[in-house]
Amino acid sequence: MSDFPGPRPDPVTELLLAQAGELVAPVAVLDDVAGALSHQLEARGQQPRVWCDDVRAEQQVPTAWRRPSLQQAVTGARTVLWRLPRSVGAVQEYAELIAALADPGVRVIAGERDKHLSRSMNTALARSFGTVTASLGHRKARALLASEPIRREPSWPRRVRLEPLDLDVVAHGATFSGTRLDRGTALLAGCFDALPDAGTAIDLGCGSGILAALLARRGLRVQAVDVAWSATDATRLTAAANDLAVDVERRNGLAGRDAPVDLIVTNPPFHVGAAKDTTPTRELFAQAGRILAPGGELWCVYNAHLPYLPWLRETVGPTRIVARDRGYLVTRSVLTARDSPPTR
Ligand SMILES: C[S@@+](CC[C@H](N)C(=O)[O-])C[C@H]1O[C@@H](n2cnc3c(N)ncnc32)[C@H](O)[C@@H]1O
């Protein structure tokens, strides 16, 4: 038995379990939320194999059930219970892997709340499964049921040349912005000629690793950090594709890290899982403020309507806007001496 109490099942967990009916082992659980599915399975006598892209979700699952890769979780699985990711690319990538590696008789029960589902997810599943049907709704959630796997060449991760940056980018289906250059990322990258002299840098929330790679190309010693495996692996692949050295770590922000760093760049998150939520961003800024070397700088790009300017001034120090376009701002915050209160 696990030591974790396990949360109350939410509507998606209830629906997936109801649709699964009699569970045939091995059972894989993908992208569980708060360990809810895993604990319900344990109560039914199963020992789930769990894979979560987000390290925060993984940490809510007892260690013995975790698998180090999606491949290892689904290989030979006869039942797959899956919280659908937000991006269709991720649905495609997972579906391709399940179809290639699971037992040929596998049943996939995949679901989410209605507001996060789209028809293109059915289409993405139908590329890799002969039969795909939708359940009736349950408390604003719905499940897609897939069986009869069709093995095909995996189409992820994908590599694309970003001509404006003279850089190859590699992304998984779930990586932020995929292989595309996000507008905010482009605006921040366009400011890099104005960066201060620095030896060490962190790309906080690295996604596909575009910013980390551009910093490494400028000769900085770069660490790239992200909560998502789909981001850290993409960053490793992007760095390798461009012959650049980037140290990559899958972790939740910078908590517990204490080596001072000269420069932090970030295009910070505005989602937690499927929900829009900027509150964790304030904590990321505070963590950045704690590990910057004296005089160190945080460069940030964000959507202009977000309340980040006062947060940056409060948690890091004097902050000014260095670039803007129709939607985004790039800010530069400087850490003043630690014992003096931040000024504007
Ligand atoms: C807006 S995206 C930016 C990605 C990339 N830097 C770019 O510009 O294309 C934000 C990234 O932050 C990551 N993230 C979210 N919360 C995080 C946290 N607590 N610690 C580290 N990374 C986080 C997300 O997984 C996502 O890849």
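Both W82 and Y94 are buried, where buried denotes under 20% relative accessible area, exposed over 50% and partly exposed the range in between, as computed with a 1.4 Å probe on protein chains only. The model is a predicted one, in which local features need pLDDT of at least 70 and side-chain atom pairs count only at pLDDT 80 or more, whereas totals for chains, interfaces and linings use all residues. Residues are numbered from 1 along each chain as its sequence is written, and side-chain values use heavy atoms, with hydrogens and water left out.

A pair of aromatic rings is described by the distance of the centres and the angle of the planes. Rings of Phe, Tyr and Trp (for Trp, the six-membered ring) are taken to pair if their centres lie within 6.5 Å, and are classed as stacked with planes under 30 degrees apart, as edge-to-face over 60 degrees and as tilted for the rest. By this rule the count comes to five aromatic pairs. One of them joins W82 and Y94 in a stacked arrangement, with 5.4 Å from centre to centre and 10° between the planes. This pair links distant parts of the chain, since W82 belongs to strand β3 (residues 79-83) and Y94 to helix α5 (residues 88-101), 12 residues apart; helices (H or I, at least four residues) and strands (E, at least two) are DSSP runs, numbered from the N terminus. Ring pairs also link F285, Y302, Y308 and W311 into a cluster.

Strand β1 (residues 27-30) pairs with β3 in the parallel sense over four bridges, pairing being assigned if DSSP finds at least two bridges between two strands; here V27 stands opposite T79. Strand β4 (residues 107-113) also runs parallel to β3, to which five bridges join it, and R83 stands opposite G111 of β4. Together, β3, α5 and β4 make a right-handed β-α-β unit, a crossover being right-handed if, with the strands pointing away from the viewer, the path from the first strand over the helix to the second runs clockwise.

The buried residues of helix α10 (residues 279-291) are T281, L284, F285, A286, Q287, A288, G289 and I291. Their cover includes β9 (200-204), β12 (261-266), β15 (292-303) and α11 (308-315), on the basis of contacts between heavy atoms within 4.5 Å. T266 is found in strand β12 and counts as buried because its relative accessibility is 2%. With residues up to four places away in sequence not counted, T266 touches L188, L204, F285, L298, W299, C300 and V301. The side chain of T266 also reaches the backbone oxygen of L204 at 2.7 Å, which falls under the definition of a polar contact as a pair of N or O atoms within 3.5 Å, where within protein one atom must be able to donate a hydrogen and the other to accept it, and residues adjacent in sequence count only if both atoms are side-chain atoms.

H172 lies in the loop between β8 (167-171) and α7 (183-189), and at 4% relative accessibility it counts as buried. The side chain of H172 makes a polar contact of 2.7 Å with the side chain of D233, and the residues that H172 touches, leaving aside those up to four places away in sequence, include W156 and P157.

Most residues other than glycine have a negative phi, and most peptide bonds are trans. The peptide bond from W156 to P157 is cis, with omega near -5°, and P157 is found in the loop between β6 (141-149) and β7 (158-162). The bond from A25 to P26 is likewise cis, with omega near -5°, and P26 is placed in the loop between α1 (11-20) and β1. Phi of E148, a residue of strand β6, is positive, near 60°, and E148 is partly exposed at a relative accessible area of 49%. Phi of D243 is also positive, near 55°; D243 lies in the loop between α9 (229-241) and β11 (247-250) and is exposed, with a relative accessible area of 76%.
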